[in-house]
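Please open the model in your viewer and keep the selection panel at hand. We will go from the whole chain to single residues, one selection at a time.

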Amino acid sequence: MDRRTSFARWYGARPLHLLALLASFALTGFAVERLVTARPLAVAVWFVGAAVAHDLILLPLYSIADLSARSVLRRLPEPMPTVPWINYLRVPVFLSGLLLLVWFPLILNLPEPYPGATGMSADVYLGRWLAIAGVLFGGAAAGLAFRLRRARRAGRSGRRARGVRES
């Protein structure tokens, strides 16, 4: 039996995966150690606030939004081939929402220390965030259109092979 094969059976992945995982844990531990020793109370408040904000506010909001999108779009007639479309909506919403969450003071033009610390204007962030969100949604729409087109072609070729005429 090969060593790699026995390790993969024991661990469940290749050795490079374990090495990358250990390196990421080491980097995370280093960052946490530096943060906690510098500002322990701020880290604790941020951690608790992030957990509360996510679990009590954000999770219900995006769960309701996801259920609403699926229920509204489920009621549409299906003349097209079925393609799992929900991730073409989820991914750009998640990424643009994450960008908004990280950069909201600059996007909403609320930066107190930013212009004084850098000497740069924060007026460009809303337009850039909208442009990035537009590119994300446009790319997702193009990917879905490509996938629908491929599914439609596969459906037509399957009907022709069975002898079904198209109207």
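The tour below starts with the overall fold and then visits a pocket, a core, a loop and some residue pairs.

**Before you click**

This is a predicted model, in which local features need pLDDT of at least 70 and side-chain atom pairs count only at pLDDT 80 or more, while totals for chains, interfaces and linings use all residues. Residues are numbered from 1 along each chain as its sequence is written, and side-chain values use heavy atoms, with hydrogens and water left out.

**Stop 1: the whole chain**

Start with a cartoon view. The protein has 6 helices and 0 strands, giving the pattern α-α-α-α-α-α along the sequence. Helices (H or I, at least four residues) and strands (E, at least two) are DSSP runs, numbered from the N terminus.

Of the 167 residues, 9% count as buried. Buried means under 20% relative accessible area, exposed over 50%, and partly exposed in between (1.4 Å probe, protein chains only).

If you compute contacts (heavy atoms within 4.5 Å), take the pairs at least 6 apart in sequence: 43% of these join residues at least 24 apart.

**Stop 2: the largest pocket**

Select Leu58, Tyr62, Val93, Phe94 and Gly97, the lining residues that lie nearest the centre of the largest pocket. The pocket has a volume of about 600 Å³ and is lined by 17 residues. On a 1 Å grid over the protein atoms alone, a pocket is an open set of points where a 1.4 Å probe fits, with protein on both sides within 12 Å along at least five of seven lines; lining residues have an atom within 4 Å of a point. Grid points are joined across faces, edges and corners, and the volume is the space filled by probe spheres set on them.

Which helix gives the largest share of the lining? Colour H4 to see it: 9 residues come from there. Helix H3 (40–74) and H4 each supply at least two lining residues. By type, the lining divides into 12 nonpolar, 3 polar and 2 charged residues.

Stay on Gly97, which sits in helix H4 and counts as partly exposed because its relative accessibility is 33%. Draw a distance to Trp129: the two C-alpha atoms are 32 residues apart along the chain and separated by 10.0 Å.

**Stop 3: the largest nonpolar core**

Next, select Leu106, Ile107, Ala122, Tyr125 and Trp129, the 5 residues of the largest nonpolar core.

Centre on Ile107. Leaving aside residues up to four places away in sequence, Ile107 touches Leu99, Leu100, Tyr125, Leu126 and Trp129.

**Stop 4**

Move on to Asn109, in the loop between H4 and helix H5 (113–118). Its phi is near 60°, a positive value in a residue other than glycine. Asn109 counts as partly exposed because its relative accessibility is 46%.

**Stop 5: along H6**

- Ala142 lies in helix H6 and is partly exposed, with a relative accessible area of 48%. Ala142 and Tyr88 are 54 residues apart in sequence and 9.4 Å apart, C-alpha to C-alpha.
- Ala151 is also found in helix H6 and counts as partly exposed at 22% relative accessibility. Ala151 and Val83 are 68 residues apart in sequence and 7.4 Å apart in space, C-alpha to C-alpha.

Conventions:
A nonpolar core is a set of buried Ala, Val, Leu, Ile, Met, Phe, Trp, Tyr and Cys residues joined through side-chain atoms within 4.5 Å. Ala, Val, Leu, Ile, Met, Phe, Trp, Tyr, Cys and Pro count as nonpolar, Asp, Glu, Lys and Arg as charged, and the others, Gly among them, as polar.
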